[in-house]
Amino acid sequence: MDRRHLLRLLGTATAAPLFDGVPFLSALGDTIGASPRPRLARAPLRLAPVVRGPEFTLRAQERVVEIAPGVNARVWSPGDGPVGPTVEARAGERLKIRLENALPEHTILHWHGLRVPEAADGHPRLAIASGQHYDYDIPIIDRAGTYWYHSHAHHRTGIQAYRGMAGLFIVRDEHESQWQLPAGAHELPLLIQDRRLTPTGEFEYNPVMHEVMEGYFGDTPFVNGIRLPIHDVETTTYRLRLVNATTSRILRLALSNGASLQLIGGDGGLFERSETVDSIDLATGERADVLVDFSKVPVGQSVSLVSQPFPSPVNGMGMGMGRGMGMGMGMGRMGGGGIPQGGAMTLLEFRVVHGVTPKPWASPLAMARTLAPPERSTRSPARTRTFRFDSMAMQHTINGRTFDMERMDVTIPFGETEIWQFENASPFPHPVHVHEVQFDVMQRIGGRGRIMPWERGPKDTVLVMPGEQVRVRVIFDAYRGRFLMHCHNLVHEDAGMMLNFEIV
Ligand code: C2O
Ligand code: CU
Ligand code: CU
């Protein structure tokens with residue numbers, strides 16, 4: 001097929017570069033749904049409905065929803081849509097959230113990144129059976145930021161989050177409001193997932209042996225539960241709140257036209273300074289807050305949010321780029337293995353449809369000023385703890401052990417500052433997540449050997465590549481109680497790469 005023929009098949013996506021694996025795949029025969037479609041059918045992006053306090057109910061249930069034009073899929077979601085609603089809260093308020101479980105199995109929700117009382121953290125021992133409900137009482141003590149929530153059911157986190165048991169949790173505060181960042185229609189919360197979609201519109205989740213080791217990778221991107229959506233934008237600056245809610249995939253987020261991204265925040269809110277980057281690596285669980293400037297894109301053209309190809313990070317697997325391209329460009333679903341880690345994917349297409357005069361905050365110069373400086377403790381750490389992440393013989397362990405619900409692995413005196421050192425002794429990447437804290441990434445030894453631009457603010461999840469040691473400074477001063485630390489590759493987590501710690 002020549003490029004012109006390809007572009008015709010791509011329809012509106014004429015700005016799509018050749019590495020846009022997914023449109024190419026779809027153009028070769030979009031068989032998603034009942035009958036093959038000759039051309040791409042893109043659904044408009046939908047923003048999840050917003051729910052606010054002081055009280056609301058999330059009802060987890062199975063439903064059939066439209067995830068692409070004419071394509072219905074069975075999802076498990078805490079709401080009416082393909083994923084959960086976006087929770088919006090102000091710092092200082094108190095939310096009472098009831099979770100009703102109308103799913104056919106046990107579940108529980110965890111508020112990822114927020115520091116909450118033990119009873120509200122969604123530890124798997126708190127899971128409720130089908131037909132039960134759980135009441136959360138959550139004082140919002142964290143700063144403005146992009147947090148999220150998802151199932152934390154024992155051994156079922158992966159499949160439940162995959163089916164739609166996830167959503168965004170946005171906290172706003174006065175400090176952030178003063179910056180007058182793009183808001184309203186110019187602020188887009190984006191929950192990114194990848195799934196395998198069968199011809200009948202089912203989400204297939206069935207990790208085979210090698211996937212239990214490396215992770216489970218989809219062949220189809222979803223944003224806010226919609227398959228490869230399209231969104232109409234104006235020639236101005238947008239704020240994208242990006243959440244990697246995939247099962248196992250590291251996303252190398254970039255724009256298809258090569259334009260840069262202005263990174264303003266991460267897991268725990270705004271950074272001290274914004275930074276202009278070409279791409280952002282986000283592992284499962286991590287977030288990025290970015291400004292994207294469409295003012296130089298001619299009206300009528302499209303720019304896509306993509307995950308760029310990168311070499312397989314798996315030690316001993318060689319270069320992944322060619323492999324990724326090959327899979328993305330034709331064999332994805334046929335091969336049955338999804339697009340591998342590092343394979344190129346188009347996630348969301350922005351169609352510039354309307355010219356406007358950009359607002360003043362669109363200027364990178366204006367944004368280079370100091371943003372909200374996070375108050376961070378400078379107390380000297382009481383101790384260093386080392387956690388070694390191993391994957392071998394079909395087991396994923398931390399310091400040689402798999403998760404035991406009843407075993408207390410680490411006890412920490414309330415209020416103390418510690419250095420936690422994460423060592424990856426395995427061939428696979430591990431995004432390490434700690435509940436109940438926002439830590440500072442202090443140092444990375446081995447591998448990439450430095451702190452990445454998107455790791456410069458408070459974080460709750462940090463990617464530890466094979467051969468890397470990452471040191472973080474953690475303060476345990478929110479609540480006493482029993483919480484979790486685990487790998488956020490959900491296949492690894494479900495396999496037991498998790499431990500209990502208690503703040504006493
Ligand atoms: Cu986002 Cu314990 O998880
Ligand atoms: Cu968490
Ligand atoms: Cu892992």
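This is a predicted model: local features need pLDDT of at least 70, side-chain atom pairs count only at pLDDT 80 or more; totals for chains, interfaces and linings use all residues.
By class, six nonpolar, four polar and one charged residues make up the lining of the largest cavity.

The residues lining the largest cavity are E214, F217, S248, I250, A283, T284, Q341, P429, P431, L463 and N489. Domain 2 (184–368) and domain 3 (383–503) each supply at least three residues to that lining.

For the second largest cavity, the lining consists of P124, H152, A153, H154, H155, T157, F403, E493, D494 and M498. Here domain 1 (43–177) and domain 3 (383–503) both contribute lining residues, so this cavity lies between them.

Here are the two side by side:

| Cavity | Volume | Lining by class |
|---|---|---|
| Largest cavity | about 60 Å³ | six nonpolar, four polar, one charged residues |
| Second largest cavity | about 50 Å³ | four nonpolar, four polar, two charged residues |

Now for a bit of sheet architecture. Four strands form an open sheet with mixed pairing, in the order β3-β2-β5-β7. The edge positions go to β3 (71–77) and β7 (133–139); each has a single partner strand, so one side of each is left without a neighbour in the sheet. On average, neighbouring strands of this sheet are turned by 30 degrees against each other, ignoring direction.

How do β2 and β3 pair, parallel or antiparallel? Strand β2 (residues 55–68) runs antiparallel to β3, and seven bridges join the two. Across from A68 you'll find V71 in β3.

Note on methods. Residues are numbered from 1 along each chain as its sequence is written. Chains are lettered from A and ligands numbered from 1 in the order in which they are written. Side-chain values use heavy atoms; hydrogens and water are left out. Two strands pair if DSSP finds at least two bridges between them. Axes are lines fitted to C-alpha atoms, for helices over the stretch in contact, and angles run from 0 to 180 degrees between N-to-C directions. On a 1 Å grid over the protein atoms alone, a cavity is a set of points where a 1.4 Å probe fits but cannot get out, and a pocket is an open set with protein on both sides within 12 Å along at least five of seven lines; lining residues have an atom within 4 Å of a point. Grid points are joined across faces, edges and corners, and a volume is the space filled by probe spheres set on the points. Ala, Val, Leu, Ile, Met, Phe, Trp, Tyr, Cys and Pro count as nonpolar, Asp, Glu, Lys and Arg as charged, and the others, Gly among them, as polar. Domain bounds come from an automatic or database domain assignment.
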